[in-house]
Amino acid sequence: MFLNTLTPKFYVALTGTSSLISGLILIFEWWYFRKYGTSFIEQVSVSHLRPLLECKVWRNPLNLFRGAEYNRYTWVTGREPLTYYDMNLSAQDHQTFFTCDSDHLRPADAIMQKAWRERNPQARITAAHEALDLEDCATAYILLAEEEATTIVEAEKLFKQALKIGESCYRRSQQLQHHGAQYEAQHRRDTNVLVYIKRRLAMCSRKLGRTREAVKMMRDLMKEFPLLSMFNIHENLLESLLELQNYADVQAVLAKYDGTNISLPKSATICYTAALPKARAVSDKFSPEAASRRGLSTAEMNAVEAIHRAVEFNPHVPKYLLEMKSLILPPEHILKRGDSEAIAYTFFHLQHWKRVEGALNLLHCTWEGTFRMIPYPLEKGHLFYPYPVCTETADRELLPMFHEVSVYPKKELPFFILFTAGLCSFTAMLALLTHQFPELMGVFAKAFLSTLFAPLNFIMEKVESILPSSLWHQLTRI
């Protein structure tokens, strides 16, 4: 009914207004692309729409041992370093990785299936011992190594016992995996168990100072199981290679897992590790004053760009690396680009940044330049990474209450977007009201215009009264 009453004048006005707005947007897009080398609309879409969908919690690849590390912190300070939400996520992970539908066929596996669901730590440890009383069980040794062992040495011994059993189960299930869905599920579970054990053994070697041995174990594990990227073993490898100061191998790993043409890095470890070797090449001689006078060299520009990229991906990390904020034990799960990820990264990598002379100074200058507008030029086409809007809430659940969660200031919506939306809405409303109430809108328009031009009319009257009529006549003729 309403559409049938629309006149041609309405469509002409609507088309003209749409064309005007489209033209303005096209001109602005052309100018923005010429200046920055990227589309403004695409950048805003990525920055403000995609983050609404990105808020996933990940397993911390460098998580500590509960018995040997987290519990020792509790004994000393009386504080719980892990939240219930974090431990609940770990329990879900354990059930996913270490159990399958056929566990009821083996008494020990059936007990462990219940143990992973148990909330009480002592009850879990008791269940693991009960399972071992029945038969050898790799997952029971895993639980004891993680939660009962009070030192890394004890944990390593238990993991070695689990490795013998895990390898035997893996070989057996590998031969039977094609005999049915049940055997396939068992093989998948045994694979997860074996990978987990080998990774934790490599981490034990790293913590006990046998870094080269740890690197070899991680490389072998990545070659044997290249498809199991969910464990993020390459991040463990990167940290160990940095400890050895083997920057050439660090670059080789980054070339595989980072690359220069991908739109988003996978983690803060990838971003900041990629920036560290570039900073190392120039940081010992870098001076902000000298750089502002002569400009940045190519190597300095590469280092600054790499740090910009890292800071934009996770802006919480610099405060921890620069020791402007106190560090706590990292949680067992992290939120990509959140405060929890920044804590986990800094906890293990702060020593590597301190080892490189001037690296933290360069980070400080570039970090200030990113968020305080110090004029370090960016590459053409440089794009800010979208920042998830739910990081603060998720980090609050992952981190203990005594820690103050870092909050990244939310960017306001660009003025051009607000102006365009307001102009379109106002034009559409005027068109609708004019069509529905033409006489009333005419009166309103006349009243609005008379009010708008009232000051001008007043000034003109004053000028006419002051100036002689002959002079005013001559001016009007001119």
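This is a predicted model: local features need pLDDT of at least 70, side-chain atom pairs count only at pLDDT 80 or more; totals for chains, interfaces and linings use all residues.

User: Why is α9 called roughly antiparallel to α10?

Analyst: Helix α9 (residues 181-207) packs against helix α10 (residues 211-224) at about 160°, and their axes are 7 Å apart. Axes are lines fitted to C-alpha atoms, for helices over the stretch in contact, and angles run from 0 to 180 degrees between N-to-C directions. Angles under 35 degrees count as roughly parallel, over 145 as roughly antiparallel, 65 to 115 as roughly perpendicular and the rest as oblique. The angle of about 160° therefore makes α9 roughly antiparallel to α10. Their crossing is left-handed, the term for a near helix turned anticlockwise from the far one by less than a right angle (clockwise would be right-handed).

User: What makes the contact of Glu-146 and Arg-200 a salt bridge?

Analyst: The rule asks for a side-chain nitrogen of Lys or Arg within 4 Å of a carboxyl oxygen of Asp or Glu. Glu-146 and Arg-200 have an N to O distance of 2.8 Å, so the pair meets the rule. Glu-146 sits in helix α7 (residues 138-147) and Arg-200 in helix α9, 54 residues apart. Helices here are DSSP runs of H or I with at least four residues, strands are runs of E with at least two, and both are numbered from the N terminus.

User: How do you know that Glu-146 and Arg-200 are buried?

Analyst: Buried means under 20% relative accessible area, exposed over 50%, and partly exposed in between (1.4 Å probe, protein chains only). Glu-146 has 9% and Arg-200 has 0%, so both are buried.

User: Where do Glu-156 and Arg-210 lie, and is each buried or partly exposed?

Analyst: Their side chains meet in a salt bridge at 2.3 Å, N to O. Glu-156 belongs to helix α8 (residues 152-176) and Arg-210 to the loop between α9 and α10, so the pair ties together parts that are 54 residues apart in sequence. Glu-156 counts as buried at 8%, whereas Arg-210 is partly exposed at 30%.

User: How many salt bridges does the rule give?

Analyst: The count comes to 20. Another of them joins Arg-206 and Glu-243 at 3.4 Å, N to O. Arg-206 is in helix α9 and Glu-243 in helix α11 (residues 233-243), 37 residues apart. At 15% relative accessibility Arg-206 is buried, while Glu-243, at 25%, is partly exposed.

User: Which phi value does Gln-245 have?

Analyst: Gln-245 has a positive phi of about 60° although it is not a glycine. Gln-245 lies in the loop between α11 and α12 (247-257). Glu-323, likewise not a glycine, has a positive phi near 55°.

Terms used: Residues are numbered from 1 along each chain as its sequence is written. Side-chain values use heavy atoms; hydrogens and water are left out.
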